[in-house]
Amino acid sequence: MDNKKLPLRILVLGDIHGEISSVGRVVMTVQQKRFDGIFLVGDIGVASLENQRERASKIKNGIYRASVSCVFETLRELGAPIFYVPGNWDPKNIGLNLDQVNNVDLNGEGHICKLGDFQIVGLGGSSSIGMNFPYEWPDKDMKDRIKKIFEGVVAWNKTIMISHDLPFRSKIDINVQKRHAGSKAVRELIKDFSPALCLAGHIHEGVGLDVVGESSLAVNAGSLLTKQTTDMHLSQRMVNLRVSYEEQFFVLEFFEFNRIVAEHFFFLGGRLMVRKYIKKEDGIFADTSQGQQLLKPIEKATKSPLKK
Ligand SMILES: [Zn+2]
């Protein structure tokens, strides 16, 4: 991998929450493609909305860990190295040591990783919203803490940051109540260091792209929770969150700092659709090169990766 030629092509999955059949559907869909890396932005294992004690005992009983290892094993079928951070629903230390599966959470057990000429850094968990998730931190201390570690990075224009939490006050941190709910620390870190990419998740309904700081492309990869009608506690009241699409994922091709092509794939009524975007010096543009059709249905892959 060391002298890998550009473009670098990566698969990015949003919050999985143990939806293993969805991961299988994604793997079946992309199995013919070649990826240099697979990036998971956290909230990987099963997370029911039960109270803390029940959740803790589930983790102890191994259901959580089994779901995480199932996710990783399925993705390993694609034959590319996996980079991840734990999310706020995951424990800080997921505790799985699998070959080619790299934890890059610099606030937890992870370390700075290399992928060809690129460096991969990460920040797992999320800023606290006072609800006692397994992995949270106070937003005000985090910037200085991570900044010290980020100083070990050599070339930020070839660095990919994975952050479960989102840059505050961006186009991609708007929650179901139409409020910005991201992290100021994440925003400041992107502004100070200008990574080539910041890949995030956390706020499922904020899925999309934005340019943050000087010219960093930030992606909220959304979630793989499918056909879900979930009751979520947000700001101390129940909000009914309806996710109407099915599985989704992003494929990113990095040509140079100001030329990144992002494809957002999603299933809608059983058909695979794609929206294509290009990041240039002056922003992100929808790619209309294939006519005016931004929503292009694609044939579904038919072969199962599990039956070779
Ligand atoms: Zn999530």
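Start by selecting residues 248-256 and 259-268, which are strands β15 and β16: a hairpin of two residues links β15 to β16. Helices (H or I, at least four residues) and strands (E, at least two) are DSSP runs, numbered from the N terminus. What you have open is a predicted model, where local features need pLDDT of at least 70, side-chain atom pairs count only at pLDDT 80 or more, and totals for chains, interfaces and linings use all residues. Residue numbers run from 1 along each chain as its sequence is written.

**Along the hairpins**

β15 and β16 pair in the antiparallel sense over eight bridges; two strands pair if DSSP finds at least two bridges between them. Click on F254, and look across to its bridge partner in β16, I260.

L268 stands opposite R271 of β17. Two residues lie between β16 and β17 in this hairpin, where G269 takes a positive phi near 55 degrees.

**Out to the whole sheet**

Zoom out to see an open sheet of eight strands with mixed pairing, in the order β4-β3-β2-β1-β15-β16-β17-β18. Its edges are β4 (101-103) and β18 (283-286), each with a single partner strand, so one side of each has no neighbour in the sheet. On average, neighbouring strands here are turned by 25 degrees against each other, direction ignored.

**A pair of helices**

Next, select residues 20-30 (α1) and 63-75 (α3), whose axes come within 10 Å and cross at roughly 5 degrees. Axes are lines fitted to C-alpha atoms, for helices over the stretch in contact, and angles run from 0 to 180 degrees between N-to-C directions. The two helices, α1 and α3, are therefore roughly parallel to each other (angles under 35 degrees count as roughly parallel). To see the contact, show I20, V23, G24 and V27 on α1, and S67, C70, V71, T74 and L75 on α3; two residues are in contact if their C-beta atoms, placed from the backbone, lie within 7 Å.

Another stop is the open sheet of six strands, ordered β5-β6-β9-β10-β12-β11 with mixed pairing. Its edge strands, β5 (113-115) and β11 (208-212), each pair on one side only. Inside it, select residues 197-200 (β10) and 216-220 (β12), which pair in the parallel sense over four bridges. A200 has N220 of β12 as its bridge partner.

**Into the interior**

Which residues of helix α5 (residues 184-193) are buried? They are A185, V186, R187, L189, I190 and F193, where buried means that 20 or more other C-beta atoms, placed from the backbone, lie within 10 Å of a residue's own. Just after α5, S194 takes a positive phi of about 50 degrees.

Finish at the largest nonpolar core, which has 72 residues; V12, I162, L199 and V219 touch the most other members. Such a core is a set of buried Ala, Val, Leu, Ile, Met, Phe, Trp, Tyr and Cys residues joined through C-beta atoms within 7 Å. Select I162 and, leaving aside its neighbours within four places in sequence, you will find it in contact with F39, V41, F83, Y84, V85, V104, I120, G122 and L199.

How values were computed. Parallel < 35°, antiparallel > 145°, perpendicular 65-115°, else oblique. Buried ≥ 20, exposed ≤ 12 C-beta atoms within 10 Å, placed from the backbone.
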